[in-house]
Amino acid sequence: MELLKQIMPNVVNLFPDLIKACKDTLLMVFISGTIASIIGIPLGVTLVVTREGNLLENRFINSFLGKIVNTFRSLPFVILLTAIIPITRFIAGTTIGLKGAVIPLIFASSPFVARQVESALLDIDPGVIEAAEAMGSSPFEIIYRVLLVEGLPGIIYALTITIVSLIGFSAVAGTVGGGGLGDFAIRYGYQYYRTDVMIVATIILLLIVNMVQGLGEYLLKKLSH
Amino acid sequence: MIVLKNLTKTYQSKKLTVGALKQVSLTIEKGDIFGIIGYSGAGKSTLIRCINLLERPDSGNVIINGVDLTKLSPVELRRQREKIGMIFQHFNLMKRRNVFENVAYPLKGKGLTKTEINDRVLKLLELVGIRDKVYSYPSQLSGGQKQRVAIARALANDPEVLLCDEATSALDPQNTKSILNLLKEINQKLNLTVVIITHQMEVIKEVCNKVAVMEEGVVVEEGSIIDIFSSPTTKISKEFVAHTMGYENFEKILNQGFIRDPLKYELTARITFVGQIAGQAFISKISIEYGIYANILFGSIESLQGIPFGSLIVSFTGNSLKIKEAIGFLEENNVRVEVLKEHGATKTDNAQCS
C-alpha cells in the first residue's frame, strides 16, 4: 500500500472515483451496446434482405435505410455528440452524465452494428438460402432459422467490434461530462498533470478492450464449424 | 407428372439481353429419371430452377400433378415446394447445423413431435447410408457424404419430385457413381420422379431413362435414352454420344487419311447395335456372304437401362455394289448404319470426268 502510494499517489487518493468511473464506463457500454444491438441487428438484417435479388427485395427501403446509416456513420463522434444535443435532451431529459452520454452512443453505434451485421450476413452462402427457399421456408423463417443461425458467429464478432469501439466512444463521451474512465482520465489526470491517473485509466481501458476482444474470439471459434 | 409449357426467361443486363429459355416445353412422366443435358450456358440450370419457381419464368406454365405453380400465392407455392425436393452442386448444407439438424430442418414446424422427427431423420439417414454420421458437422464430411445428407434433407417431406441441379459435378468419379446409384435406388423404392441437370453424358447414361438435350435456351432433341444414343439427330447430341462412346476423336483421325489403296473402293460406317442383336456375329456374316473385307477400326459396348448398346466403326473394302447390299442386309436386321466416309476408284473416276 505504501509502495502504491509512492508510485501513484493520485490514484490511491482518487480510488473511489476510479471505481465509480469504471462502473460508469461498463454501464455506459452495456446499456448503449444492448440497445444498439436491439436496433442494429434488425436494421442489418433488413439491409441484407431488401437488397437487390434478395429475399424481400425492396429498393426504396434499402436505399433509404442505407442513407440513414451512412449519414450517422460518416459523422465523427464528437460532432454527432454535440449535433444531437436537442434529441438527447428530449429523450434523456439531460445532456450530461451517464444518461446524457448513452443516447449519442446509441446513435453512433446502431448504424455501426447494422453495417457489421450486414457484412456478416452477406458472407452466408446464397446457396443455403436458396436451399431453404426450395424446401418451402417463408422469408421470415429463413431470416430466423437460416440467416441468424448461420450468421451467428459473424454477428457475435460484429458485436465484439462494436463493444470495443463503444469503449473508445465512451471515453470521448466522457469529455462532455458523460462520466466514465475517459472523463476520469481527462478531468483528474490530464487537466491536473497527474500522469499516474492517466496511465492507470488507460491500462484499465486496455484490459477491458482485450477481455472483450478475447471473449468475442473465443465465442467465434466455439460457434463456428 | 411435370408439364412445362412454353417457358421463356430472359436476363437483361445494361447492354445485353440473354434469352436463357426460349419457349421450352417438356413433359416428365411420374417415375421417370429425366436427364437434361447441355453445355454451360445452355439454360438448363434456369430450366430446373423454374420447376420449383426459384426462378420465375417471364411467361409459360409449370404444372405439377395438375397444379399450375405459376398461378399460386406465395403461401400455396411454399406448400407445393415441400413436395419438390432439390439437391445442388455445392450441397448447400447449413454449416452450423449437424447432419441431424440439417435433415430435421424441413420437418420442424409441421406439428411433428420430437420423437417423430427423430425417427424420421434416422430413417432417412439409414436410406442414404450415413446413419453413422448423425452428429457430424458438414465440414467433417466428404463431398459424397454431404450430398447424401442433402438427399436425405430433400426427401424429408416425402416429395414426389426430386430436382438435381448438377448434383454430381463437384464429386469425383467414384462418388458420382455411388450418388447416381442412390438416386436410382430411391427412384425405385419411393417411386420418385427425378429430374437431373448435367453437362456429363456419363451421368445421363448411368441413370436416366429419358433425356432432353438443350442448346442456347432451346430443347433441341428429346427422347428415350436408347433413341438418343442410337440415332442422335442434332450436332450437339452427336457430340455428347460420341464423347460418351469414346469415338469423339475418330472423325478427326478419319479425315486425316490413313494408309489405304487409292484404287480400291472403301466405305467407312458407324454401326450401332441395340439389345439382343448386339450378340450376333453380323460382321463375320456379311464378310463371308458378300465377299467383302471388314476392317474394324473402333468398337465399344455400353449398357443403357440394362440394354446392351454396341457401337462399331468399320471400314469395308471390296466391290462397291456388294458393300451396299451388305449394308442393306444390316439395316433389314435393325442394325443402324451411318456412313461416315466413302472413297475409292469409281467415285474418283466420276469426279475426274465431270
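**Close-up views of a predicted two-chain model**

**Figure 1. Exposed and buried faces of helix α12 of chain B.** In this predicted model, the exposed residues B:Leu321, B:Gly328, B:Glu331 and B:Glu332 sit on the face of α12(B) that is turned away from its buried side. The buried residues of this helix are B:Ile323, B:Ala326 and B:Leu330. Viewed down the axis of α12(B), these buried residues fall within an arc of 60°, so they line one face of the helix.

**Figure 2. Surroundings and geometry of α12(B).** B:Asn334, which follows the helix, has a positive phi, near 60°.

**Figure 3. The six-stranded open sheet of chain B.** The 6 strands are arranged in the order β6-β7-β8-β3-β9-β10, with mixed pairing. At the edges stand β6 (84-88) and β10 (218-224) of chain B, each with a single partner strand, so one side of each has no neighbour in the sheet. From one strand to the next the twist averages 15°.

**Figure 4. Pairing of β3 and β8 within the sheet of chain B.** Strand β3 (residues 33-37) and strand β8 (residues 193-198) of chain B run parallel and are joined by 5 bridges. Opposite B:Phe34 stands B:Val195, in β8(B).

**Figure 5. Helices lying across the sheet of chain B.** Helix α1 (residues 44-51) of chain B lies across β3, β7 (161-165), β8 and β9 (210-215) of chain B. Its direction is at about 155° to that of β8(B). Helix α5 (residues 143-155) of chain B lies across β6 and β7 of that chain, running at about 165° to β6(B).

**Figure 6. The contact between chains A and B.** Chain A contributes 15 residues to the contact and chain B 17 residues. On the side of chain A that touches chain B, the elements giving two or more residues are α8 (126-134) and α9 (139-150) of chain A. The largest share of this side, 6 residues, comes from α8(A). By residue type, the side of chain A that touches chain B divides into 7 nonpolar, 4 polar and 4 charged residues.

**Figure 7. Overview of chain B.** The secondary structure of chain B comprises 13 helices and 14 strands. Its C-alpha trace spans about 85 × 50 × 35 Å along the principal axes. Of the 354 residues of chain B, 39% count as buried.

Definitions and conventions. Residues numbered from 1 in each chain as written. Chains lettered and ligands numbered in written order. Predicted model: local features only at pLDDT ≥ 70, side-chain atom pairs only at ≥ 80, totals over all residues. Contact = placed C-beta atoms within 7 Å. Helix = DSSP H or I, 4+ residues; strand = E, 2+ residues; numbered from the N terminus. Nonpolar A, V, L, I, M, F, W, Y, C, P; charged D, E, K, R; others polar. Pairing = 2+ DSSP bridges. Axes fitted to C-alpha atoms, helices over the stretch in contact; angles between N-to-C directions. Buried ≥ 20, exposed ≤ 12 C-beta atoms within 10 Å, placed from the backbone. Arc of directions from axis to C-beta.
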